[in-house]
Amino acid sequence: MPSMIRTTTLPAGEAVPVLGQGTWKMGEDARRHADEVEALKLGLDLGMKLIDTAEMYASGGAEEVVADAIAGCRDEVFLVSKVLPSNASRTGVPAACEKSLRHLRTDRIDLYLLHWPGSVPLAETVEAFEALRKAGKIRHWGVSNFDTHEMEELVSLPDGGYVQTNQILYNLSQRGPEFDLAPWSRQRGIPLMAYSPVDQGVLARNASLEAIAARHYATAAQVALAWVMAQDGVIAIPKAGKQEHVRQNAAALDIKLTPEDFADLDRAFPPPTRKQGLQMI
């Protein structure tokens with residue numbers, strides 16, 4: 001168990017843990033509900049106080065899993081949820097937010113994200129987010145799956161500068177954001193939130209990672225996760241539906257990668273040398 005979870009700071013000045021918990025694919029099977037709740041609760045006990053979910057996940061089912069997990073400790077949790085682009089209009093955003101609040105059984109969402117760019121004008125979504133923030137329904141807002149040019153458009157809008165994070169696909173297999181999006185975000189103090197930091201389990205079976213993991217008496221998945229958390233201004237949100245995996249994720253915080261490790265990882269997973277379009281799943 002890590003002695004203390006490191007934090008990074010949102011533009012608003014609030015510190016959030018660099019290791020949180022994802023919930024994609026939770027809430028899809030009632031038979032797994034209790035195990036998923038217990039996994040999230042264990043994560044909270046281990047200091048992983050940021051939980052990420054979305055209205056899209058199991059059509060609100062994941063939010064209901066989260067509600068059970070945070071019952072009795074809501075004030076200790078930094079709660080993230082997301083609105084679908086199809087609901088990102090001036091009237092759709094508040095309606096979707098109220099539905100998420102009901103599923104989550106809470107009176108506010110700490111960070112509310114636009115799940116990916118859509119057809120609704122971005123200025124309209126920002127206006128709706130700001131109205132929710134001023135009403136106290138959300139404390140902060142941000143975006144997800146936005147590439148550099150989309151972030152530039154966003155921050156050029158009135159109130160666009162209030163964006164607090166950009167949640168993206170980022171892991172050793174998907175290093176494209178390092179070419180331009182990550183430097184752009186760091187320069188502006190906007191943390192990236194990395195989903196699928198172990199590439200949906202693919203990196204857990206990688207021979208190069210296993211060799212590095214052996215030096216640390218760890219697993220390949222833990223090394224992949226430790227690498228993501230070692231990046232400046234990046235928050236990792238792995239999903240773990242079982243308590244064993246939650247403990248392994250938390251233990252990744254104690255892995256101190258060496259210069260040799262980073263060099264070996266760069267050889268196995270070369271950083272980008274040109275612009276690559278942002279990938280999403």
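Colleague: Which residue of β5 stands opposite V83?
Modeller: This is a predicted model, in which local features need pLDDT of at least 70, side-chain atom pairs count only at pLDDT 80 or more, and totals for chains, interfaces and linings use all residues. Residues are numbered from 1 along each chain as its sequence is written, and side-chain values use heavy atoms, leaving out hydrogens and water. Strands β4 (residues 78-83) and β5 (residues 109-114) pair in the parallel sense over four bridges, where pairing requires at least two DSSP bridges and strands are DSSP runs of E with at least two residues, numbered from the N terminus, as are helices (H or I, at least four residues). In this pair, the residue opposite V83 is L114.

Colleague: Which strands stand at the edges of the open sheet, and why is one side of each without a neighbour?
Modeller: The sheet has seven strands in parallel pairing, ordered β3-β4-β5-β6-β7-β8-β9. From one strand to the next, the twist averages 30° (axes are lines fitted to C-alpha atoms, for helices over the stretch in contact, with angles from 0 to 180 degrees between N-to-C directions). Because each has a single partner strand, one side is left without a neighbour in β3 (50-52) and β9 (234-236).

Colleague: At about what angle does helix α4 run to β6?
Modeller: Helix α4 spans residues 122-135 and lies across β4, β5 and β6 (138-144). Its angle to β6 is about 155°.

Colleague: What is the geometry of the Y112 and F129 ring pair?
Modeller: Three aromatic pairs are counted, taking rings of Phe, Tyr and Trp (its six-membered ring) with centres within 6.5 Å; planes under 30 degrees apart are stacked, over 60 edge-to-face and the rest tilted. One of them joins Y112 in strand β5 to F129 in helix α4, 17 residues apart in the chain. Their centres are 5.7 Å apart and their planes stand at 65°, so the pair is edge-to-face.

Colleague: Which elements give two or more residues to the lining of the largest pocket?
Modeller: This pocket holds about 730 Å³ of space (an open set of points on a 1 Å grid over the protein atoms alone, with protein on both sides within 12 Å along at least five of seven lines; a cavity is a set where a 1.4 Å probe fits but cannot get out, and lining residues have an atom within 4 Å of a point). Its 34 lining residues include S196, Q200, G201, P238 and K239, which lie nearest the centre. The elements in question are α8 (220-230) and α9 (243-251).

Colleague: How far apart in space are A218 and A252?
Modeller: A218 is found in the loop between α7 (207-215) and α8. Not counting residues up to four places away in sequence, A218 touches A213 and I255 (heavy atoms within 4.5 Å). A252 is 34 residues from A218 in sequence, and the C-alpha to C-alpha distance is 8.0 Å.

Conventions. Points joined across faces, edges and corners; volume = space filled by probe spheres on them.
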